[in-house]
Each structure stands twice: as structure tokens, then as C-alpha cells.
Amino acid sequence: MRYTLKKAILIIGMVALLAVAVSAQVNGVNGNSNENYLIYDSNQGGIVEKSISLELEQGVHWVELENMENLDNVDPDSIKLEPENSDILEVVDIKTDFRDNIKTNIGKEVEVELTSGKTVSGVLLRIEDNYPYGLMVLENDGGISYINTNNVNQIKTTGDSDSKVMARIESSGNGSFDFQLRYRVNGITWDASYDLYMKDSDSSSRFSGDMIIKNPSNTNYDGNFNLISGQVMSSRYVGFAEERESIRDGFERSVSAPQKVGRVYKYELGQLAIDAYSRQSTKYMDKNIESKTEFMYATSRYGRSENVRQFLTFTNNEEPLPKGTVNVYQEKDGLQVMVGQSSIERTPEGGEVEINLGNAFDLKGETEILEETRNVGNITRTGEINITNFGNSPETVTVRYMWEFGELLDSSVESVETNADFVEWDIRVGANSDKTIEFKVTEDIRNDNARAYSPTAEKEISPR
């Protein structure tokens, strides 16, 4: 095993803290059952809950919790051990003795590589940290060696230095006792992936979803899985390791209806075995939906020529949808052609799902401001918005003009919506033709310092 210089220095400070574990007496071994995994989406990691049994003798003893997952993925501050239905037990303390702690190798053979490239081998006698730089004390055939830790590049050990979790338990009696063990693991997570198949009619689509558990860690998990949808760990970043090529997709399993727990939702998957460095896909839903496609051109006083965007929308009439990525397909000549990809946020039952399909190929929009008149506290603008349809079929386009605290004074086309952020029109543009909206608006400029007009101030564009 190798240790970097930073780890070695960190270890020096840990020796005094963990020295009490050297004489710990282990009186019990755990046998786990009823293992529950609560895996959170958006790379938030997971919570492991286990029921374990420990053989204890009367008194206060250190007990090793043996069958935990690889401790490289465990948050040590999250480890909790609680007695079940017993008033004669007390968990006094929990200590984590990770393999990064070189203290476990005191009295064993080590090989130290110095920054100069030279190596020194011997038995590690002790670590003296009462110097500004710290000293490692080794004994070999040549005698005693004192090594400045600042000159250490890495340390290789030959002894068994597995990570350990120790619990100090006080018991008023002898026997076998049940405990609940709970801790947080990093790395494992899950995401929702959706496929939407547009049929010949824009008003009908097939919408299916999978829940994909991703385990890029070196730990195998086997137990009862529950997936949690909702942001609950926003105050802490959970790292996500690189995935390897061991992929297990296509696993079909029914998923229970979501259960609301506070402000999150829980999905029960049942018993699963998730291998290390793998991902596993579970079918979540498959249903027909009533959908519609819309075209939108969003613009502002910064006149420009650009494509019109296309959106697909539908109402989520069944159950909450987890956050995920939607792949959109349309059948052509017997092939399912991917025509769009977009992310959706968590959507409640009854909520509207909006999928951005990207720019429309045959539709272009152009805005031109013809005149501006600045008044006290406001500015009046006269302009034109032109939509050109290069396609062979007529299309309806929603045109949205963005403003800040504006008012529509005049328009050649009747507006369909006006609010503090925009005015909106729906226009029908014939095949191979164009249509122009002439408008006159006044916009409040008294809030320029707080809400400046700029292209970056435009809102996220989506259909109403």
C-alpha cells in the first residue's frame, strides 16, 4: 500500500487520537440482515441501514463492526449505531480507523521512498510529532533511522492495514443484542431517463421512463433498494467517480407508486444486487400521452435574426416525474429517428412538461426597432417582427417580445398575453411565405440600475 506525503503528515496528527484503539478488546461480530439502501438522485449519494446482532459481555468493550462496505466510500461522520429495544445498552463512542492511518503499521516492516529517490526499509517503531516537521523512527540492520516527514515521497507497507470501524459499547448484561447501523455512502446515485416517441399525429405520443442506478465505486451492494427523488443534500457536494465499462442495462422490474415523505418522493424497487463499477436500469413507466408541439420566436429590443424554437408539451396526469433527460424520437420509414434531447425538472402530478426540441429548420424570425422616443421614466419603441416560413406547410408560431415593466400601445395583430415580462402573439404563417407584426410599446426605464436591459436579462424561453 502506498501513502503520499500529505497523507503521512495527516496520519501523524491522528496517532494520538486513535491510540486508544490499540488495546481495544473485540467481543462481538455482526451478522447483518434487513439491509436497506436509500439512494438519492442528482449525485447526492445514499444512506445504508442495517440490522445487526452483536455478542456482548457485561462491561465496556470495543467492538469491531466487520461487515460494512468498503470504507473508502463511507462518510465517517455519518456512522450511527443504535440499540434496538434494549435499555441495558449504550453506544459510548465510534471510531474510524482508516487504512490511511499508518499507526496500524507500527511494529511492522515498511519501505519509505524519499524525495531524493533513495529508499529506506525497516520496522516502524514510532512517529514523533513534537518537532516542527515530524520524525518517523525506523529500525533496521544499520541501526535506528530518523526520517524527516518533509522528505518523504511515499510509504509502502507490507502489513495488513484494512480499514476498521470500532464501537465502544457499555452493556449491563451478557448475550446477543440487536442494533440498527446507519451510515452515508458517496458515489452511488441514480437518474431518470425518458424516451418519448412522437406518433404521426402531434397529439399522441408514447412516453416511457427508466430509473438507472449508477455505481462507479468499488463496492457491491445487495439488499432492499429505495430511490429518493428530491434535493436534500444541497449543502454538501458528493463526488462522482468515473464509470467503468461493466454495464447491466435492460433489467425489467416493476416499481411501486411513489410515496411522499416530507418534500421528497420514495420509490421502492425491492431486493437488488448492484455490482461495483456498473449501472442497472429498471423500467419505471410506459404510457400513451396527449402531447402537442409548438413553435416559438422570442425576441427583445435587441433586434436579431435567428431560428424559431420548437417545443413539445404535455400534462403529467398520473404521478410525479423525477428529474431526468428526455430523448425524443419520431418514426420515419420504419426507423426511430432521434429529433431532440432535453432535460426536465421534477414535475408534480398535474404539472406541465416542456421539452425543448431545438431550432426549427424551416422557420426564421427577425426583429427590427424602427424608432425610439425617450421620455421621463420610460421609452417608447416602434418596431416590426417578421416570421418567414420556408417549409411546404403552414405553421402557427408564438411570438414573444421580452421587456421590463412594459405596456403594449398598438399592434397590427391582437396579442394573446401581456404581463410584466413580455407580450405574446400567435400568428399563422403560410407555406413559403412570411408574416409581419407591427407594434408600439412603452417600457419603464426607471429601474435600469436594478434590472438593466440586456440580452442576458431575457428569461428562459418556453411556451406558456
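In which strand is Y146 found? I looked this up and found Y146 in strand 10, residues 143-148; strands here are DSSP runs of E with at least two residues, numbered from the N terminus.

I noted that the model is predicted, that local features need pLDDT of at least 70 and side-chain atom pairs pLDDT 80 or more, and that totals for chains, interfaces and linings use all residues. Residues are numbered from 1 along each chain as its sequence is written, and side-chain values use heavy atoms, with hydrogens and water left out.

I traced strand 7 (residues 109-114) and strand 8 (residues 119-128), which run antiparallel and are joined by 5 bridges; two strands pair if DSSP finds at least two bridges between them. E113 stands opposite T119 in strand 8.

I then followed strand 8 to strand 9 (residues 135-140), where the pairing is antiparallel over 5 bridges. Here E128 faces L135 in strand 9.

I recorded 9 strands in the order 27-30-25-24-21-20-26-29-28, with mixed pairing. Strand 27 (406-411) and strand 28 (417-418) stand at the edges with a single partner strand each, so one side of each has no neighbour in the sheet.

Within this topic I also looked up strand 20 (residues 291-299) and strand 21 (residues 305-315), which are antiparallel and joined by 6 bridges. For T293, the bridge partner in strand 21 is L312.

Methods
Helix = DSSP H or I, 4+ residues; strand = E, 2+ residues; numbered from the N terminus.
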